[in-house]
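The model is a predicted one.

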Amino acid sequence: MPERITTQLLKVLEALLADPQREWYGLELMDATKLTSGTLYPILHRLVQDGWLARQGGQQSDKGGPGRRLYVLTGIGEQAAARVVEERRRAKRPATRRPPRPGAQPA
Amino acid sequence: MTALLLVFTALLVTALTGLAKTILTGEIRGTLSDRCHRRVDRAARLLPPDLADDLTVEWHAELTALEDADRLVSACRFARTLPRAAAHIGDPPPLRARLKGSAPARWVSGGIAALSSRSQSLEEHVFRVTLAMFVVGLGLTTTSIVGFTLSGRINPALALGISFGVLSTAFFVLRASLRSSRDSRRRRRAAADAARDLAGRIGHR
């Protein structure tokens with residue numbers, strides 16, 4: 001599991017969870033999350049190291065140059081990411097009722 | 001005759017301006033593309049050796065994809081923050097890693113890539129100067145010939161001949177320079193690719 005759950009990491013996880021089977025290019029993830037390459041690639045690297053993402057060789061580019069890489073959520077990654085995103089959502093949800101103060105008399 | 005000259009000059013100017021614009025746009029695109037790829041090479045030097053080759057290949061490929069999709073501004077934006085990504089991924093900091101002598105293959109890779117891709121060649125500089133002279137010359141020639149013709153100081157047929165001669169000579173010089181500049185750029189890219197291959201082979205040994 002990543003050491004710190006940052007807003008940027010959550011953005012990436014949410015984008016990946018929108019379609020867990022989808023294979024993403026780094027560029028597509030950049031467009032989807034609006035993160036810069038300087039932010040996105042360290043996150044992807046962390047997720048790959050933690051086994052949440054698999055990094056695969058992609059197709060050859062049109063000009064015959066080196067192939068691009070694809071990122072896809074692993075089974076473990078999908079479950080863990082869903083848990084993290086859900087926990088963060090729950091933590092952010094505002095309390096609907098203020099809990100009663102200890103010792104206070106009910107009206 | 002004067003009207004014919006004006007029409008001809010206008011057509012010539014339109015065509016040559018279009019041509020110059022196309023060449024200029026191509027040149028700017030080439031320069032930006034080179035700069036982006038150089039930035040990837042620089043970022044690669046900040047990566048740990050076990051990741052450098054793989055990530056460099058990926059980043060070059062993403063850049064090429066953006067260029068193919070005509071998204072040059074996005075390509076520049078993509079390349080701009082790559083050194084930061086590389087610095088984050090490459091932990092411990094690369095300078096310390098280099099001082100400890102832990103990555104000799106990267107020294108070779110970085111050094112050769114820097115040598116092969118850093119500076120522009122003489123041909124490319126010559127092309128730029130020629131292009132600038134061509135654009136300025138085109139403007140001056142057209143203005144002076146049209147001005148002299150309208151004021152009656154010069155025979156329209158002579159003006160037509162002079163303008164045609166000047167502009168066609170300038171065009172051929174520009175074309176030759178463009179070819180030479182393109183060849184030079186191609187050679188520089190090939191040298192950078194060879195440097196990457198060599199560094200990869202050294203790294204795998």
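Buried area is the accessible area, for a 1.4 Å probe, that two parts lose on being put together, summed over both. Between chain A and chain B this area is about 1800 Å², and carbon and sulfur atoms give 56% of it. Three residues, Leu27(A), Tyr41(A) and His45(A), supply 28% of the area that chain A buries against chain B, more than any other three residues. Counted by contact, 21 residues of chain A meet 21 residues of chain B.

The interface also has charged and polar pairings. The rule finds five salt bridges across the interface of chain A and chain B. Arg71(B) forms a salt bridge with Asp31(A), with 3.5 Å between the closest N and O atoms. Polar contacts between chain A and chain B number 11 residue pairs.

Which elements of chain A supply at least two residues each of the side that touches chain B? They are α2 (26–33), α3 (37–49) and β3 (69–73). The largest share, six residues, comes from α3(A). By type, the residues on this side of chain A divide into seven nonpolar, eight polar and six charged.

Turn now to the backbone. Most residues other than glycine have a negative phi. Lys34(A), not a glycine, has a positive phi of about 60°. Lys34(A) is found in the loop between α2 and α3 of chain A, and counts as exposed because its relative accessibility is 71%, the cut-off being over 50%. In chain B, Asp70(B) has a positive phi of about 65°. Asp70(B) lies in the loop between α2 (49–68) and α3 (72–80) of chain B. With a relative accessible area of 54%, Asp70(B) is exposed.

How values were computed:
Residues are numbered from 1 along each chain as its sequence is written. Chains are lettered from A and ligands numbered from 1 in the order in which they are written. This is a predicted model: local features need pLDDT of at least 70, side-chain atom pairs count only at pLDDT 80 or more; totals for chains, interfaces and linings use all residues. Side-chain values use heavy atoms; hydrogens and water are left out. Contact means heavy atoms within 4.5 Å. A salt bridge is a side-chain nitrogen of Lys or Arg within 4 Å of a carboxyl oxygen of Asp or Glu. A polar contact is a pair of N or O atoms within 3.5 Å; within protein, one must be able to donate a hydrogen and the other to accept it, and residues adjacent in sequence count only if both atoms are side-chain atoms. Helices (H or I, at least four residues) and strands (E, at least two) are DSSP runs, numbered from the N terminus. Ala, Val, Leu, Ile, Met, Phe, Trp, Tyr, Cys and Pro count as nonpolar, Asp, Glu, Lys and Arg as charged, and the others, Gly among them, as polar. Buried means under 20% relative accessible area, exposed over 50%, partly exposed in between (1.4 Å probe, protein chains only).
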